[in-house]
Amino acid sequence: MEKEKLYQKISQEILENIGGPQNIQGAAHCATRLRIVLKDLSLVKTDKLENIDLIKGCFIAGSQLQLILGAGTVNEVYKVFAKEAKLENMSLSDVKDIATKKENPLQKVIKALSDVFVEIIPAILAAAILLGVTGFLANFEAVKTNQTLYAINRLAFLASVGIFAVLPMVVVYSATKRFGGRAILGIVVGAIMLDGSLANAYSIGTPGFNPEILDLFGLKIQMVGFQGGIIVALMMGYIVATLDKFF
């Protein structure tokens, strides 16, 4: 009961410092944060919000006010807050959709791009670090001459470059998922873009590079893969997601 009273007090203080229930467009929570989309962000008093019990920090991201409460606590506070603010149950994706509608076109583009890459950046960073480490170790004579050390370093190098070899496919997958399509379709399209029967795009400009050219109703199509084609991969992810939702 004491916790219930505490959460009620916290909820009331939050409402007082964000312009009241009438200033709320939607609210939900993730693993650690209470997320509130507001009509007028100028009514938010961040200094007072940060001094409320259990709130470990607050910040504004786009049109969302995010209050850090911690795992477990945020679930309990949200239940009471939703009652106090007379809010309907909303999912995190619902709140994100509401927040997106308030953004201008440039903000929407930037947000979409960040959402596409946020899932794959950890893999890229890890691969880049591993690539640097394996390249450094490869210079040591002990690694070159010892079969076991050489094998370990060679396999680690293979793991580090793997993500870059299929990066367009990974981007199509992530973009398709971000724009509301089924991710497996993005993987399929990405695999087509990198199919082994296509000429490698990195070979363009080298002597003797003569890719197969198809004639489709007068349109000349070079049978070249999309190695390094990140912009094309983003476009393909958006198109796949749009067609998937349409059909």
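Is Glu 76 buried, partly exposed or exposed? I looked this residue up first in the model, which is a predicted one. Glu 76 has a relative accessibility of 35% and therefore counts as partly exposed.

**Entry: the pair in helix 3**

I then searched for the partner of Glu 76. Its side chain meets that of Lys 79 in a salt bridge, with 3.8 Å from N to O. The cut-off for this distance is 4 Å. Both residues belong to helix 3, which covers residues 73-84. Because they are 3 residues apart there, about one helical turn separates them.

**Entry: other salt bridges**

I counted 6 salt bridges by this rule. I noted the general principle that oppositely charged side chains can pair when their charged atoms come close.

I next examined Arg 182 and Asp 244, whose side chains form a salt bridge at 2.7 Å, N to O. Arg 182 sits in the loop between helix 9 (167-178) and helix 10 (183-193), whereas Asp 244 is in helix 11, so this pair ties together parts that lie 62 residues apart in sequence. I also checked the accessibility of each partner. Arg 182 is exposed, at a relative accessible area of 53%, while Asp 244 is buried, at 15%.

A further salt bridge joins Asp 215 and Lys 220, and I recorded 2.9 Å between their closest N and O atoms. Lys 220 is exposed, with a relative accessible area of 59%.

**Entry: helix 11 and its surface**

I returned to helix 11, which runs over residues 230-246 and contains Met 235. Which residues make the nonpolar surface patch that includes Met 235? I found Ile 231, Met 235, Tyr 238, Ile 239, Leu 243, Phe 246 and Phe 247, which together give a patch of about 860 Å².

For the protein as a whole, I noted an accessible surface of about 15000 Å². Carbon and sulfur atoms contribute 63% of that surface.

**Entry: cysteines**

I found both residues buried: Cys 30 has a relative accessible area of 14%, and Cys 58 has one of 11%.

**Entry: a buried asparagine**

I looked up Asn 153, which is found in helix 8 (residues 147-165). Asn 153 is buried, with a relative accessible area of 11%. I listed what it touches, leaving out residues up to four places away in sequence: Thr 134, Leu 137, Ala 138 and Val 143.

**Entry: the overall fold**

Taken along the principal axes, the C-alpha atoms fill a box of roughly 75 × 60 × 30 Å. I recorded 34% of the 247 residues as buried. Among contacts with a separation of 6 or more, 64% are between residues 24 or more positions apart.

Terms used. Residues numbered from 1 in each chain as written. Predicted model: local features only at pLDDT ≥ 70, side-chain atom pairs only at ≥ 80, totals over all residues. Heavy atoms only, no water. Patch = residues over 30% accessible without salt bridge, like charges linked within 9 Å, V, L, I, M, F, W, Y side chains within 5 Å. Areas by Shrake-Rupley, 256 points an atom, 1.4 Å probe, with all protein chains shown as cover. Helix = DSSP H or I, 4+ residues; strand = E, 2+ residues; numbered from the N terminus. Buried < 20%, exposed > 50% of the residue type's maximum accessible area, 1.4 Å probe, protein only. Contact = heavy atoms within 4.5 Å.
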